Structures are given as structure tokens and as C-alpha cells.
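This report describes a protein chain for a reader who is new to structural analysis. Please keep the sequence and the structure in view while reading.

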Amino acid sequence: MKQMPQLDSLRFFAVLGVMVAHNWDSRLLGDVDWAGNGVRLFFVLSGFLITGILLDCRRLADDSRQSPMYFIRQFYARRSLRIFPIYYILIAVLVVLGVQPADDIWPWMVTFTTNIYITIHNAWIGKMGHLWSLAVEEQFYLLWPWIVLFASRKWLLRTLLLIIPLSSVYRFYAYRHFEFNMDTMDFKAATFTVAHFDSLGIGALLAILWHSDVPQATLQRYLTTIVLPVAGMLYTLCLVLYHYRVHPGIFFTVGDLFVAVMCAALVSRAGRGFAGVAGMVLECSVLRYLGKISYGLYVYHAFMPLLLIPIFEMVGIPLPVPGAANFVFSTMLTLGVASLSWHLIELPINSLKRFFPYDTADALCAAPSRSKSLAIRKTSGD
């Protein structure tokens, strides 16, 4: 494995789609769900990188005398240091300032179960609505490390082949039994964890293929020449059926699956490194930096209008939300806040990961080349 800098830029483009949808126009370019597709790219990236790290941990465990429980502990400690600090700081600020509905749903927020709340009540939770995707990831990773580190390789693959189609089955059920808005793609039941097993699972499957005996060049050739165009055509067909209201349930049932497959092909190609103009763009230092602070961008972006509206009202200028002006000013403010958050809070706390290394003395002695690979991978994925 080599360093994968282009994946940082992909993270930024994923969060940019969410920011455009929330602060400007969710249907800017027709029926394409930019926010949803951005989140799906996040899930595929997360599934790929985290599973890759866990597979490296498994190899280290196999090659050393260290128990897999050591790596379980290290994984959760590192994930907590990365995810928890600004998330819980945000919740505390929202509750103290009385931002609704934080006062009522804070138990759901602190337990990373807002997606379950949204599904049960079939209602969004105001500016906190986007936090559902963090809940999905944390719920998935409560179980996934145990499967990767303890299940046989045969059962690991079988588990993925089971949970990936399970998402489509659930979305079909939800489409038939839950309320939704056809015009705005407002499908609240799709925030439930099972609905996104396909995106996370396809990312995990890609990591397994990268760790297999299949040459990466051969894998990428199939992804680029066969998988990507077929998934693209099927997703386009789903969009057409949805647009003309011809069996729109097909779109809600399998559309996300095809997007996840396309995202996996994109992630794999960026992981190996795009060449030419695409490579130059994805390796741009500015985009890579924005990718590094993308977690803060995602967490904070929805709350920026709450700060901007009073300021604009003071000078007598209306600020329609969502809208183009709101997107411009909210994005500028979000970039500033996320950058400060990264340097003042996240980066110092992330430095504490040095106390929870994945590699051990035994593992380094037993498998120096693999542990070196892991040390490189974890800078991008964990």
C-alpha cells in the first residue's frame, strides 16, 4: 500500500455536495441528490479505509503474539479521539444556547442514534439533521471491527455479500410503508442504519479486494471498463424512471446501490492515483487541506446561517436560506470555523493517538514491511 493523497480531495468534494444541497439548492442540477450522493461517497471512503486498517491489524495479529483485542482497543480509542471531541462540544453549545430541538433530543445525539429518532418519528431535527450520517457510521463500527478481526476470511466475505443487498431490501420495505415526499426526495426512513450497509459494505469489499491476490491493475481495469459504465447506465435509468414517475420505487430501492458502486470505482482509481489533469486537481494542496478539515466542514456547515442571519438583519439586508448568497457566505464562514477547529482542537487531540499505536514491538519484529504499510495507511484513513 502507498499513501493515497487524492482521497483527501475526494472527501472535500463529498462534503461540498452536502453543503451545496443544504445551504444553496438541493435540486440545483435536476433530480440528482447531491447531498445524499456526497454522504454515500463518504460511506464508501470510510468503509474502504477503515476496513483496510482493520485488515492490516488482522495481519499484524496473525504475524505477532499480540491479541486481536489489543487492536480492538486501539481502534476504538483512535476513533473516539477523531470523532468525539468536536461532536460533543457542538452538542454542548447547542444545548447551552437553546438551539431547538437540541434541548429535547440531546440523549439521542449523545448516543449517536439521531438516525433512529428520525426514522421512528418520520421527522427531521432541524439544523441537526445532517448528524444522522455520523450516527450510521458509529453504529456500523460498533460491530464491524469484531467481524473483521475474528471472523474467518470466508465468513467475512459472506457477511458482506449478505448485508449489501439487505440495504435494498430494507429501502423497498421503507418505500412501501413510510411516508416520503416524491418532489424533494425527502425519504426520512432512509436514514436508518441498514439502508446504508451497501455503501459501507461496498467500500469494505473494495478493501478486501485490495488486500487479496488480485492485482490492483487488473481490478481497476474491470472497475473502469465494466463495473463503472454499467452502474452508471443503471443509475441513469433509475433517475429517468423517477423523473417520469414510472415505478419510482426502483430508484429508492437500488439507486443508492449503483451510486455506491460508482463511488467505489472512483475511490479505487483515486487510491491508485489519477494521472493527467484529474490527478493534478486531486493532488492540489488546497483541496487536500480542505479534505483534511472535511469532518469539521460537515459538522459545522448547517449552523452557519444561524450566525449570519442576525448579522445581515442588523444591516437591513435579507439573507434567504437556502440561497446562493447564503451558500457563499456560509461556506466562507464554515471554512474559517473548520480551520480554527482543526488547528486548535482536532489536531492537538489527534496527536494523542501516539499513545494508541496499532503497531507493537512484537508486530514490528515479526512483520516490518506490513507494519510500515499500516503506518502509512493510517495517516489517510484513521
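## Two loop residues with positive phi

R245 is placed in the loop between α9 (216-243) and α10 (249-272); helices here are DSSP runs of H or I with at least four residues, strands are runs of E with at least two, and both are numbered from the N terminus. The phi of R245 is near 55°, a positive value in a residue other than glycine. With a relative accessible area of 38%, R245 is partly exposed, a class that falls between buried (under 20%) and exposed (over 50%), judged with a 1.4 Å probe and protein chains only.

N122 is likewise not a glycine and has a positive phi, of about 50°. Its place is the loop between α5 (114-121) and α6 (132-150). N122 counts as partly exposed because its relative accessibility is 21%. Most residues other than glycine have a negative phi, and most peptide bonds are trans.

## Basis of the report

The model is predicted: local features need pLDDT of at least 70 and side-chain atom pairs count only at pLDDT 80 or more, while totals for chains, interfaces and linings use all residues. Residues are numbered from 1 along each chain as its sequence is written, and side-chain values use heavy atoms, with hydrogens and water left out.

## Two cis peptide bonds

Q100 and P101 are joined by a cis peptide bond with omega of about 5°. P101 belongs to the loop between α3 (68-97) and α4. P322 lies in the loop between α14 (304-314) and α15.

## The chain as a whole

The protein chain contains 17 helices and 0 strands. Its radius of gyration is 21 Å, which agrees with the value near 21 Å for a compact globule of 382 residues; the radius is taken over C-alpha atoms, and the globule rule is 2.2 Å times the number of residues to the power 0.38. Along the principal axes, the C-alpha atoms fill a box of roughly 65 × 50 × 45 Å.

Of the 382 residues, 54% count as buried. Among contacts with a separation of 6 or more, 79% come from residues 24 or more positions apart, where contact means heavy atoms within 4.5 Å.

## Selected helix residues

D198 is in helix α8 (residues 197-210). Which class does D198 fall into at 0% relative accessibility? D198 counts as buried. Leaving aside neighbours within four places in sequence, D198 is in contact with residues including R171, D256 and L257.

S294 lies in helix α13 (residues 294-300) and, at 4% relative accessibility, counts as buried. Although S294 and F12 are 282 residues apart in sequence, their C-alpha atoms are 5.7 Å apart in space. Beyond neighbours within four places in sequence, S294 is in contact with R11, V15 and F42. The side chain of S294 also reaches the backbone oxygen of G291 at 2.7 Å.

S339 is in helix α15 (residues 324-350). Its side chain makes a polar contact with the side chain of Y289 at 2.6 Å; such a contact is a pair of N or O atoms within 3.5 Å, and within protein one must be able to donate a hydrogen and the other to accept it, while residues adjacent in sequence count only if both atoms are side-chain atoms.
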